[in-house]
Each structure stands twice: as structure tokens, then as C-alpha cells.
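Hi,

Here is the model I promised to pass on. Have a look, and my notes follow below.

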Amino acid sequence: MLGFVTLLQKELLRFWKVMLQTVAAPILTALLYLLIFSHVLEEHVQVYPGVSYTAFLMPGLIMMSVLQNAFANASSSLIQSKITGNIVFVLLPPLSYGEFFLAYLLASMARGLMVGLGVGLVGLVFTDLPLAHPVWMLAFALTASAVFSCIGILAGIWADKFDHLAGIQNFLIVPLTFLSGVFYSIHSLPTFWQTISHWNPVFYMIDGFRHGFFGQSDVSPWLGLAVMLPLVLILSALTLLLLRSGYKLRH
Amino acid sequence: MAAAIRARGLEKRYRTVHALRGVDLEVEQGEFFALLGPNGAGKTTFISILAGLVRATAGRAEVMGHDVVTDYREARRRLGVVPQELVFDPFFTVRETLRIQSGYYGLRRNDAWIDELLHHLGLTGKADTNMRRLSGGMKRRVLVAQALVHRPPVIVLDEPTAGVDVELRQSLWAFIRQLNREGHTILLTTHYLEEAETLCERVAMLKDGHIVALDRTEHLLGADSERRLELRLSPARLPEALKGRLIDCDDDRFCLALPDYGELEAMLAALRLEGIQVEELNVTQADLEDVFLRVMRQP
Ligand SMILES: Nc1ncnc2c1ncn2[C@@H]1O[C@H](COP(=O)(O)OP(=O)(O)OP(=O)(O)O)[C@@H](O)[C@H]1O
Ligand SMILES: [Mg+2]
């Protein structure tokens, strides 16, 4: 148990010690999106009645920051440890696979949620944000950050160099998040693209998260939850199996 | 009593390399044991299998009676490994590094022991220095300390003295010896064979993944049979009576077998008889390096 707590603390410290890059920078990025998009589109777009575009945009931006940072934390921590070789410090001790998994998972979720919270708080300076269903909001924040932490762990285990991670980032994470309705409602899309979007898990994360704030969404949050929970379970199981097999970590 | 380390038919194939080809080895509790071999012989691979960093292709290994795969948590609790590669976590100071490592082993308040380790390894003044700012030798010392935070009964050192200055080498060995006296089992790999010779009771030599020699150090050194007399003579010529003893010569130097000190006087008399002067005289004993080279040369 203490082994797990220590690994979790270490992983938290790792990003906290360089929070300018790991927390402050992503908040600033999200803020720039908010300023630019809301400036350009505020007058032209209204998705939900009574909700300004800037307010509509906020949950999407928060969620996008959560996802990208949850992914970045586990994946970059693992690849750095693998490349510098100091991964042996966590492979030598008697930590179980479960402890290893949970520590990386929770630390990554923590970073994702911390950045998300930061974006939300700074965003409040620019717009009012209702909070219709805090429980839905939390449910989607937690499950979504867990999913992307798992993907981050998997990617960190699989990748041999930073280029591999950049590949996943550019060809998977960014397209999935941008094509999920961060900046728009999918109802504004042609039917074909609406159908495609329904296969994108990130769509459910953002849509459900948004429901937590406005009580309105494109699909029912229950449907979203029905997508998220199995996804969390499947990815966790996959990660645990991979850790147990020693894939790429124990030759 | 379970062996400190036991390997049975251990094999490891990397994609194209057969790094270990069936290694059987037992190291008893309390031994100071050397695992020697040229670069690429498979020493690090063997150690990595013990530590669970590498999975064996075939065979099994145990640490203090605990299988390193099926009972990995118990095995790892009992093992401390100083890795060959100089690795460190640049995010932390020396003390933070050691506290974190203690935590991984479930030890909460370990500072008394950490301070002792820092003291023995000459790191007390560096406790609050970031790992990045340490010299190479200092980082190596921290690696040693990290391997010892949980006071493992079995300590494995993979070339711990590479790049370490004379003073620390001596204080490190004094410390490791003390741990050995207190009952810790030590397995050591090194390319400084005189270290192995003076420290280790038993030696295994590994070549291309095979154990090619395994014996007590003094047996390997072969007691007296290898003693030699080295002479520089003027004129550079050997009396007929001594030619049978000649092992090696170049120019005015001659190397003769000297199985027994009692024969020295007769040999010198033979030289005197022919008016040959001894300009230099050395008695040498085969050391582990000679034995090592001989063993490695055998096909
Ligand atoms: N990860 C790996 N992938 C492929 N081959 C490897 C790997 N690690 C080691 N080898 C090969 O296995 C063989 C044994 O290597 P090992 O590191 O065990 O040797 P060693 O005895 O420790 O050598 P040294 O004295 O140089 O440290 C070598 O031929 C090496 O090239
Ligand atoms: Mg080696």
C-alpha cells in the first residue's frame, strides 16, 4: 500500500515541480482558444437557447484540456523513464501491477483535472457558467480523464521514442478531440458527419460534460455514461494485462 | 536453508542473440561471490533475470527460495540491485530519491538508515543536491544507496566501481564487506579482477552464456603450482640446468616456474656457477587475471 502511495506521490511531484509547463501552459493555451473563438463567433453562433457561445465553448475547452493533459502526463512520464533508464527504479521494487497502474492512472487524472479546473476558473472571468448537474459534470470529468490516462499509459509503454507519442498525439488525440464538438454542436453538421461523430467516444465525453453545466445536450447523458463506463473498464483491463505481460517494460 | 540465489537451466534469447545458454548456479547465504566474464558474456542478463527486469526464455531463478516470476514480490523484497547503467531521476534531490525508493519498499521512516548510507558512501554533503548536478561517480554512489535502502539480504552489484575514484572504491568495499560480515549475500560483477580476487570467496566465469569455471577463489588460483620467478640476466643467457623450467622469455628477461621456494637457492647457484649476474628478480604468483585469460582462451 505504501509502495503505491509513494509512486503516486512521486508521479504527482513530477509534474507539480514543473507546473509552469505542465499546468500553467495548457491553461494559457485553452484561454487563447477561448478568446479567439469567442471573439470571432460570439455574434454568429448560438447553439442552445439562452446560452452564449462563449459559455457553450467553455465545457468543451475544459474537457479538451483534461483529455490532452491526462494523456500527456502518463505517456511522457513513462517514455522519459524508459529513455533515461530510470524506469528500473519502479521495476525493481515489489510493486504489484495493480499498484503500478493505479498510481500512473490517478496521477494523470489529477493533472488533467487540475488543468481543467484551472481553465474553468480562468474562464469564469470571461463568461458566466451555470452548473445544472454537478454530478453529471463530475461523472464525465472522471471517466473521461480515466480513459485518456489509460491511453497515455498504453502509449507510454508502447512508444520507444518521443516521435511515437507525437504521432499518437497528432493522428489520434487531436483529431478525436477537434472532431467531437468542442467548438460546435454536432447537430449543426451534415447527417453523414453526425453519424461519424457518434462513433467518436470523445463526443460523448464532451456532450455529457456539457450536460452537467447546461442541462442540455445532443444525446442523453445516460447514453454517454453507457459508452464511458465500459470504455474505462476495457482500457483498464487492457493496460493491466499489458503490464502483467511485461510488454516492452520487462524484456 | 534456501540458497540466496539459485538458477536452474537459465536461458535467454534476444531476437538474434543467445545471451544465456543454460546457466546453473547456486550462491549460498552469506557468500561474497563474483560473476566474471568478458563484455557480452551475459552477466547483466543474468542479473536482470534475477531482478525481474528481463524474463528468462527457459529455466527458473529464485532469490532466497522465492521464484522471481511466480513469487516476484517476495523475491524483489529480498534483492537489492545496483544497475550497470548510470541512471537517475533528474526531478529529485539525493535525499528525495532515497526516500522515494524506501517508500516503494513500504518503508516510511527510513531516515536513520538513509543517513547512514549517505555517510558510508560519502554523500552526506550532497543530500540536498539535485541528482542532475552530481558528478558521474556521485551518481553511481546514489545508485548503490538506492539498492540498499531496504536492507536486502541479497545484494547484487553490476560493476559498481566503474568510474568511481580510489578513495570511494576503498570505502565502498569496506562498507560492502561489513554488510557481508553482518550476513548479507553479495554477488558482484566487475572487470577489475583484483577486486574480485581480494573480496570474493567464490568465482563463476561466464563466457558466451555458459559458465566455464566455478570454484573457490583459492582453488582457481591453483595454490603454488603457478608461482613464477622472473629474472633479468647479464649476460642474457640461461644455464642448461634451468632450461627445463623456462616458461617464457623476451630479450634479457626470463620467466621460470618456481613450484617451491626451497628450489630458489639451487637456481641462483646454477647462475652463479656460470658467472651470470642477476640484475633484477621478481617472484610472482598467478593472479585471477591470468586464470581468467587462460579460461577464456580455452575453446
Ligand atoms: N535488450 C537486448 N536486446 C538484444 N540483445 C541484448 C540485449 N541486452 C543484451 N543483449 C545481448 O546479450 C548479450 C549479453 O549481454 P549482457 O549485457 O548480459 O553482457 P555482460 O556480460 O553484462 O557484458 P558487459 O561486461 O559488457 O556488461 C550480448 O551479446 C548483448 O549484445
Ligand atoms: Mg553487463
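How much area is buried between domain 1 of chain B and domain 2 of chain B? About 1100 Å², with carbon and sulfur atoms giving 76% of it (buried area being the accessible area, 1.4 Å probe, that two parts lose on being put together, summed over both). On the domain 1 side, Leu193(B), Met205(B) and Leu221(B) supply 47% of what that domain buries there, more than any other three residues.

Some housekeeping: this is a predicted model, where local features need pLDDT of at least 70 and side-chain atom pairs pLDDT 80 or more, while totals for chains, interfaces and linings use all residues. Residues count from 1 along each chain as written, chains are lettered from A and ligands numbered from 1 in written order, and side-chain values use heavy atoms, without hydrogens or water.

Chain B has a mean pLDDT of 89, with 99% of its residues at 70 or more (pLDDT is the predictor's confidence in each residue, from 0 to 100). For the complex, the predictor gives an ipTM of 0.87 and a pTM of 0.88.

The domains are 5-222 and 226-297, with bounds from an automatic or database assignment. In contact (heavy atoms within 4.5 Å) are 16 residues of domain 1 and nine of domain 2.

Between the two domains there are zero salt bridges (side-chain nitrogen of Lys or Arg within 4 Å of a carboxyl oxygen of Asp or Glu).

Cheers
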